[in-house]
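Okay, thanks for coming, everyone. Have a look at this one with me.

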Amino acid sequence: MKRNQLTRRISVASGNEPADTVVKNGRIIDVFNGEIVEGDIAIVDGYFAGIGQYKGKNIVDAKGRYVIPAFIDGHVHIESSLVTPSEFAKVLLPHGVTTVIADPHEIANVLGTAGIQYMLDSSENLPFDIYIMLPSCVPATSFENSGAILKAEDLVPFYQHPRVLGLAEVMNFPAVLNAEDDMLNKISDAKQFGKKVDGHAAGLTGTDLNVYMAAGIRSDHESTTAEEAKERLRSGMYLMIREGTVAKDLQNLIPAVNEYNSRKCLFVTDDKHLDDLVIGGSIDHNVRLAINLGISPVTAIQMASINAAECFGLSDKGAIAAGYKADFSLVEELETLKIIHVYKNGKAVVEDGKLVTDCISTHKGGSANLKNSVHFDDILKANFNIPLSTNKANIIEIIPNSLITRHIEEEVDTCNKGFFQPSISGDQLKLAVIERHHFTRQIGLGIVKGLGLKHGAIATTIAHDSHNLIIAGTNDDDMVLAANTIKEMQGGLVVIKEGQILASLELPIAGLMSDRPYREVYSSLNNLHNALEQLGANDYFNPFLTLSFLALPVIPELKLTDKGLFKVSTFEHINISTV
């Protein structure tokens, strides 16, 4: 802070100089004492200068509304919204979210350091704060082909950037356990720069959690049960309570939160689709849901603001108090959390629920060099033949609204050549992951149960974490058309039925994000959802986002990579046939 700014802030705080803005007649949420207080709120140079009795050049009448700190998403992949950072900001600001901690893991898996740099550049000078945690595991494992490989030395230069806070979710637990050089270098580099290290402790308990803590990893967003949540809190970790589009863990985790441990809990969305963000909201949705499940409104707001700020060392965020950034919202009722106005750095960015500011990045580089990332030979029907030695197969079974899958064995249909035949009645469909980065011609094949399609095929280049092309279908012809359509679009999502393209969404930036305004993307998503209905898809989970996680080989139990069927518990590929 410059000396003259400090002098002015002190002068305003003491009442010797009028504030830029004074908020009057508001009921202020005190996140430190868990109370509601009243008083004038003085703002100068984008910061709160004090609460008391103040005069200002501009008066904001809160009209008895609650004044709450702006929300912070503690862990999010912006790429999962399918839009660029500036469009993402436009979506979140009306929901009272002014800060996110983003992990550009997805685009880094496709484009490496160029992807990280794009996310930093394209989020410059927005009325919205995007902090970055550097991807720790690119690729996530050695059991798939990724678009890039990031070593410790590739990440070091980024630590000089003021919006880089640390090392993102360390998901390769075996690398930590075995003290592999590159992983330890990544962790130690982050620590030497005074940065944070995020965890990804899916399925870890007991001694394994001790390993994480011993390595300096201090948070986790992969808890799915209250007991897992308690164990992480007991170990000293911050508990990130996730409510995304697929992973909806909040209801199961909230029973673990109490008056003693709530200050170590924060909210995250992780992966949330654009349509869910527009309709249901972001962290504001987590807050409402927590309140409905019995958490006091003030505690829920703490978890969405000051707790997240303290977790990441953002010492001037998350509270309505002198010396903190003037990021706040005015809401009608705490229980329903109807957000009326939102302020960023003391300036109105949302009025009466409508965005009133431009969210335009000053970065001039564009995204042209990030396109044309989908590379594979034209696909033929023979590429999808699954030979079986018996009529019993290892199958990936979907658990609705969960990243976790089940490994089951079932009898399946085969043709006279011994190839697997999809079964609509048995809900057994073909699944394929096609390497799309380096022309390796690698195609992993499997069988999925629970997706519920009655016709056609769906495909997407969003396939965590390496983002190869993933396709599920009821027949080979539609799967072939889906693959070749995605190649022609250079990334995106497509719905095929009986040789016809019912709907599609082009995602030319790394095969992950659109270069179009979010409202156009939102309209295309609605078209995709309508098309999914024609395939007979169910409506109680998102088929596309569910599909995208079936290729994630760090989440139990059974997944599919471009190298084949992968058993997470043993970290090895297995045959589709049970014998």
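This is a predicted model: local features need pLDDT of at least 70, side-chain atom pairs count only at pLDDT 80 or more; totals for chains, interfaces and linings use all residues.

Residues are numbered from 1 along each chain as its sequence is written, and side-chain values use heavy atoms, leaving out hydrogens and water.

So, cavities: a cavity is a set of points on a 1 Å grid over the protein atoms alone where a 1.4 Å probe fits but cannot get out, and lining residues have an atom within 4 Å of a point. Points are joined across faces, edges and corners, and volume is the space filled by probe spheres set on them. We get 5 cavities of 30 Å³ or more.

The largest cavity is about 70 Å³. It has 15 lining residues, with His77, Glu169, Asp271, Asp465 and Leu552 nearest its centre.

The second largest cavity comes in at about 50 Å³. Its lining includes Phe71, Thr98 and Lys317. Strand E8 (71-76) and strand E9 (97-102) each give two or more residues to that lining; strands here are DSSP runs of E, at least two residues, and helices are runs of H or I, at least four, numbered from the N terminus.

Now the sheet. It's open, with 3 strands in the order E13-E14-E15, paired parallel; pairing takes at least two DSSP bridges. E14 (residues 238-242) and E15 share 4 bridges, and leucine 239 stands opposite cysteine 265 in E15.

Technical notes:
On a 1 Å grid over the protein atoms alone, a cavity is a set of points where a 1.4 Å probe fits but cannot get out, and a pocket is an open set with protein on both sides within 12 Å along at least five of seven lines; lining residues have an atom within 4 Å of a point.
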